[in-house]
Amino acid sequence: MGNPCFIRRFGLIRRLGSLPVLLALFYIVFATPWMGRKNGYTVDATASFQLTKTIILSGDWLPDNLRVKQGYIYSIVYIPFYELGNAIAALNPDIEGDWIRRKCMCWMNTVLTGFTLGVLSCFVRRLGYSKTAQIFVPLIYGFSTLAFNYARYDYNKCLAAFLLLAAVYFCAAFMQEKRKGFLAGCGLAASALAALRLEMAIIAPVLLIALLYPKGTQGERLRRGVSYVCLCLIGIGWVFFYNSLYWSGEVAGGYEGGFQWNPMPGLMGFLFSPGKNIWFFNPVLLLLPLTLRTFYNNHKTLFPLWLGTVGLITAVYCFWGNWWGGWGWGPRHLTPLLPLLVLPIAPVFDQENRSYKILLGGLALAGLFVQFLGAVIDFNDVIMILMRTQISEQELIWQPAWNAIVQHGLVWRMMPAARWDFGWIGLKNYLSGAVFLGILFVWIGLAASLAWALIQNLRRSAD
């Protein structure tokens, strides 16, 4: 028998060195300096920021005349990051405190995206794929899809992506092992997701059916279903309660447009519009038609859960009047689906088909460049430039000449590097050369150490 305290500590060290944790840490460390430089990117996040500030300063959790659209829970998750901003602001009295605190909201999304990479790695492992897939599928998601840019901004899409993936992952894990912890995890994640984005509660029946699928007595299945439904109703009930207080009971929670009866404009837009289709902004998803059948054959039990989740959320946004998500980079509403959409490319890493691997590498590199263009210039600036020339929002969506990727490329060619929208640029302009180089070397050391740990983890699996 060993020392129980030592065993627990050793177990903690091993978990901290596990692949999902290393991936999450690597992404957070590497992506942090590439956050945007601006105070904020969406006006909807301003109310979320003010709510958190009010809670911290006055202790009033439901202040009058302060209504949020991005989900009340978003402001709650932001509280520790706001406090971090307070600590940083105290060390930098020459910088506006609220600017630092608001930047910590963007960093929160970087951290949440790192967590999502960790969960995605766990999911790939649970599906039985190699460590190569466990590393590179999450990295492709984090750097080669819209996830990279939304991790830099202050939308609630990163939290939605994390909660959606967590709910489906815990559901899939319960289907395999029937552990109560997985059932609770699925219910809590689904409840929080509903509290954040009520329309995403449409997947609740899909998760319920999947949770009832594993064999058991009628009483066991009933307890499963009741436990899950009760957890979901907490999140859904909270939204209706909050909307009754602040939005006159409107289900939309302050968002304009509502639903439309014809889903075809949204469906055609997601698939084919020059300005908002999912393929241009996430090139790696072009592999789905080639890999989906293999994914289905490998996971016939879990495939209905995957398809039902992806299909229903896509459908609900096809019926949404503002299906393109307003001002943003690419099809903003579909961003939370991206962790699930990259899952079917995992089989490519474990196949002998070299052509598929080359194609995957090329598409991933194309995605890196697309995300670079979306990050180097704030999308608001490009949209504003075009609208000042009398280009309408509908033309930005449907006219090929005004494709955002092309327009960002044109503006980038004319923009000096000192104006690029990266945190590194702002830091270099603010700090002395010696301090900046010191921070740069520390960052390189941390990122390189984590990358080396990932490589060693991969090598051990090959031995």
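Modeller: Let's begin with the largest cavity, where α19 gives the largest share of the lining, 4 residues. Keep in mind that this is a predicted model, with local features needing pLDDT of at least 70 and side-chain atom pairs pLDDT 80 or more, while totals for chains, interfaces and linings use all residues. Residues are numbered from 1 along each chain as its sequence is written, and side-chain values use heavy atoms, with hydrogens and water left out.

Biologist: What makes a space a cavity, and what makes it a pocket?

Modeller: On a 1 Å grid over the protein atoms alone, a cavity is a set of points where a 1.4 Å probe fits but cannot get out, whereas a pocket is an open set with protein on both sides within 12 Å along at least five of seven lines. A lining residue has an atom within 4 Å of a point. By this rule there are 4 cavities of 30 Å³ or more. The largest cavity holds about 160 Å³, a volume being the space filled by probe spheres set on the grid points, which are joined across faces, edges and corners.

Biologist: Which residues lie nearest the centre of the largest cavity?

Modeller: Lys276, Gly328, Ile383, Leu396 and Ala404, out of 17 lining residues. The elements giving two or more residues there are α19, α20 (393–398) and α21 (404–414). Those names come from DSSP runs numbered from the N terminus: helices are H or I over at least four residues, and strands are E over at least two.

Biologist: Why is Phe295 called buried?

Modeller: Buried means under 20% relative accessible area, exposed means over 50%, and partly exposed lies in between, using a 1.4 Å probe and protein chains only. Phe295 has 3%, so the label is buried. Phe295 sits in helix α14 (residues 288–298).

Biologist: What is Phe295 in contact with, leaving aside its neighbours within four places in sequence?

Modeller: Leu127, Tyr129, Phe303, Trp306, Leu343 and Pro344, where contact means heavy atoms within 4.5 Å. Pro344 is 49 residues away from Phe295 along the chain, yet their C-alpha atoms are separated by 5.5 Å.

Biologist: Now the rings. Why is the pair of Phe30 and Trp443 called tilted?

Modeller: Rings of Phe, Tyr and Trp (its six-membered ring) pair if their centres lie within 6.5 Å, and planes under 30 degrees apart count as stacked, over 60 as edge-to-face and the rest as tilted. Phe30 and Trp443 have ring centres 5.5 Å apart and planes at 40°, so they pair, and the pair is tilted. Phe30 belongs to helix α2 (residues 19–31) and Trp443 to helix α23, 413 residues apart.

Biologist: Then what makes Trp424 and Trp443 edge-to-face?

Modeller: Their planes stand at 75° and their ring centres are 5.2 Å apart, so this pair goes to the edge-to-face class. Trp424 is in helix α22, 19 residues from Trp443 in helix α23. The whole structure has 42 aromatic pairs.

Biologist: How do you know that Phe30 and Trp443 fall in separate accessibility classes?

Modeller: Phe30 has 28% relative accessible area, which makes it partly exposed. Trp443, at 15%, counts as buried.
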